[in-house]
Every structure is written in structure tokens, then in C-alpha cells.
Amino acid sequence: MIRTGRGRGGLRGPRSRALRDGAWRRWPHRPGPRGRREASPEGPHRRLRGRGYPAAVSTCLVTGGAGFLGSHLCDELLARGHRVICVDNLETGSLANIEHIRDPERFLHLNLDIIDPYHIDEPVDFVYHLASPASPIDYLRLPLHTLKVGSYGTHHTLGVAKHKRARFLLASTSEVYGDPLEHPQPETYWGHVNPIGPRGVYDEAKRYAEALTMAYHRQQGVDTAIVRIFNSFGPRMRPLDGRAVPTFLRQALANRPITVFGDGSQTRSFCYVSDEIRGIIALAESGYHDPVNVGNPDEFTLLELAETVKQVTGSTAEIVHEALPVDDPKQRKPDITLARELLGWAPEVSLRDGLQLTIERSGVELLVGGSPS
Ligand SMILES: NC(=O)c1ccc[n+]([C@@H]2O[C@H](COP(=O)([O-])OP(=O)(O)OC[C@H]3O[C@@H](n4cnc5c(N)ncnc54)[C@H](O)[C@@H]3O)[C@@H](O)[C@H]2O)c1
């Protein structure tokens, strides 16, 4: 049923077993309106042309579906009644993020490395392409993998979307703006990226992936979308993944020194995961093709974030300062005018509430997990 390019990945793990054992049933193929598209399994045939796709049962392919954002996306798509094929080789994700999904009829995990060509024989309506290392610790550890997943991985996944005549959404990033000279950052800003610095592997992989996506749209007619995700946070972030929110929470909850890079005056905006996922799905269902920022425009210095984490956790940990990483952006704040006007989207969860929800839903033990530094 699933063919992989060079024999890596393949059918492994419990979900893949479900596939082999037939628990994931193939849906009957019905020709599309012009007799050349694959059909959705249930409900009226709904296909993806024109703005604003009606909500009906769809089959969604989610690359990176066992990661932080991807697993929340899988949850939300399933909650809305859709079926999900999650493709993830667990490079930076974890089965623990999806093991609560016990619905072999509607959810399937395939352990595939998308750097190799892959094919999916099921009809697919939406492709959400999230697979990529995303935290600085990961992409600095995996520079070549990061470049390959942004290039080959995106190429192969666009190929799947083209073959399936599916709507394709690329998870891009605010990192395409680099250390921005324009503030806040609108989608029209071309960015200020150091292509040869250590962070360049991630920033340029995503910029290349955006260029590839637009080329597939312009030349191949693939129905594509690009979401530029700004820092997001919530349950299932790994305590040791190096990003500010899980690091500060881990340190504060363990009453260890909270390590702020530089003097902490650099700014970021933090979007709670449920807001981010709502925006991503709204964009996927919009029919819009150009990039759209989805992030929370409330801007905080890193020092303010550390103080807020201390207040929310009731921690007495001291704040200490460490050297700034190379090419660390000095400021970040999305201009979300387009998302507001196009999608009617705006974030609803404040930083403080999001931190509280993260603690409640993760539990202190998980947030402190690993060896505290
Ligand atoms: N979390 C954020 O704040 C944020 C911000 C901007 C952009 N993004 C983008 O959103 C996406 C998801 O980010 P995340 O925070 O959930 O990261 P994550 O590391 O938790 O998830 C990425 C997933 O992709 C999988 N993956 C990596 N390489 C793969 C490969 N070759 N084949 C198959 N699967 C592979 C990993 O195993 C992991 O499960 C990424 O594309 C990232 O660039 C995230």
C-alpha cells in the first residue's frame, strides 16, 4: 500500500501494523467531477478549488505529525471529524505525542523518512507539511538533515500533493525574516538572513521550501499555502529542546537558575498552540496561496518572559545571563493584519494563560523531565 523510495522507513510500529492487518481500510475510489481526481471517502465529494473550502470529512496527510505542533494538529483534525495519515520518522518527535490516539479507523502513523521519495496510495485531500527539526538545538545538531528535509523532503511531499491533487500547506517560519530590519514583520518583508551562519541551515531551508512551494504552484498548478509560524508553545514541548518557554518552565519549576541569553532585551512573541493550530487549519481551508503570518503579536522581552514564568510557577529561582547565540534575532513580532482580514483569525490565549494551561496539561513532572541544568 505504501511504497518507499530507497527502502528506508517502511512499515514499522503499531500503527503500521494496523495498516498491514487491514484495520485502516482503503476507501473506495470514486472519480472526481472531471473524472480525473480521487474522491473523498465520505460525504459529498468536495474538492479544492476556489476560495473557502467547505468543511467536510477530508483525509489529511500530516508530515511531522508526531512532533509538538504536528501532534496537536492531528488531534484537532481528528476532533473535527477528519482522517489523518501521520508521516514521521521520529527524528525529533515521539510516539508519546500520538499514543493517546486510539482510532485505527481514522488515524495512521507511518514511520517514513521524507528525505527519500515516498508514495501514499490513499486519496488525500490536504497535505500539512510540518516535518523539520525546529528548535535551534535540533537544527544545529542536524544541519544536513535540516537542509535535506527542507529541500528533498519538501520536494517529495509537494510531489505527493501534486499526485493526489491535494491542497498543500507548508509550515514555514518567522526565521525567514532573520534578524529583521523591519518591525513588526509583514509578509511583504523579504528578511535579513545570514545564509552561512550556523542558523542558516534552518532559515535557508525554509526559504528554499517557500520558493519550491511557489514554483510548484506557478508551474505545476499545485494548490499551495504557506504559513509563517512564529514562536509557539504548549504541552508536548520537550523540556530539553532548548527553546525559551520549555527551558524557563523546566528551570523555574525545579527552582534552578533561569538562563536568559544576553541581557534579555531581545523580544519574541509567543503563540499558544491551540491558537496556532486554529490559524494553520483556517489558512489550509482558505484557498489563499501567498505566505501568511500566524503568531501572537503580543511582544515580550526574554527578561519579561522569565519574570512571567517565575510568577506563574511561583518560583524563587534567580535569573542568570548567558552569552547570546550567533545571529540571535534582536526582535520578533508578527504583523497579523493579513491573517485577521483573510481568515478572521487572531490569537485568544494570553502568554500567562498559555503558561498556566501548559503546566496544567503537561504536569510538573513532565516539564521538569530530563536532567535539570
Ligand atoms: N514550534 C514553533 O514554535 C515553530 C515556529 C516556527 C515554525 N515551526 C515549524 O513547524 C513545524 C513543526 O515544528 P515543531 O515545533 O512541532 O517541531 P518538532 O521537532 O516537534 O516536530 C517536527 C517533526 O518532524 C519530524 N521529522 C523531522 N525530520 C523528518 C523526516 N526527514 N521525515 C519524517 N519526519 C521528520 C520529527 O520527527 C518531528 O516529529 C516545523 O516545520 C517548524 O519549522 C515551528
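**Around strand β7**

Trainee: How many of the seven residues of β7 are buried?

Mentor: Strand β7 is largely enclosed by the rest of the structure, because its buried residues number seven of seven. Buried means 20 or more other C-beta atoms within 10 Å of a residue's own, while 12 or fewer is exposed and anything in between partly exposed, with C-beta atoms placed from the backbone. Strands here are DSSP runs of E with at least two residues, helices are H or I runs with at least four, and both are numbered from the N terminus. So the count of buried residues in β7 is seven.

Trainee: What kind of model is this, and how are residues numbered?

Mentor: It's a predicted model, where local features need pLDDT of at least 70, side-chain atom pairs count only at pLDDT 80 or more, and totals for chains, interfaces and linings use all residues. Residues are numbered from 1 along each chain as its sequence is written.

Trainee: Which residues of β7 point the other way from R167, L169, A171 and T173?

Mentor: R167, L169, A171 and T173 point one way, and they are buried. The residues on the other side are buried too: F168, L170 and S172.

Trainee: Which residue of β7 is the bridge partner of H129?

Mentor: Two strands pair if DSSP finds at least two bridges between them. Strand β6 (residues 126–129) and β7 run parallel, with four bridges. H129 is bridged in β7 by L170.

Trainee: And which residue of β8 stands opposite T173?

Mentor: β7 and β8 (residues 224–229) are parallel and joined by six bridges. Opposite T173 is I229.

Trainee: Which strands are the edges of the open sheet?

Mentor: Seven strands make up the open sheet, paired in parallel in the order β4-β3-β2-β6-β7-β8-β13. An edge strand pairs on one side only, and that holds for β4 (107–110) and β13 (291–294).

Trainee: What angle does α4 make with β6?

Mentor: From one strand to the next, the twist averages 20°. α4 packs on the sheet and touches β2 (59–63), β6 and β7; touching means C-beta atoms, placed from the backbone, within 7 Å. Axes are lines fitted to C-alpha atoms, for helices over the stretch in contact, and angles run from 0 to 180 degrees between N-to-C directions. For α4 and β6, that gives about 170°.

Trainee: Which element gives the largest share of the shell around the ligand?

Mentor: A residue is near a molecule or strand if its C-beta atom, placed from the backbone, lies within 6 Å of it. Of the 30 residues around the ligand, G64, G67, T92, G93 and A134 come nearest. Elements giving two or more residues are α2 (68–79), α4 (143–164) and β7 (167–173). The largest share, three residues, belongs to α2.

Trainee: How many residues of that shell are charged?

Mentor: Ala, Val, Leu, Ile, Met, Phe, Trp, Tyr, Cys and Pro count as nonpolar, Asp, Glu, Lys and Arg as charged, and the others, Gly among them, as polar. The shell has 14 nonpolar and twelve polar residues, and the charged ones number four.

Trainee: What share of the protein chain is buried?

Mentor: The chain has eleven helices and 15 strands. Of its 373 residues, the buried share is 46%.

Conventions: Two residues are in contact if their C-beta atoms, placed from the backbone, lie within 7 Å.
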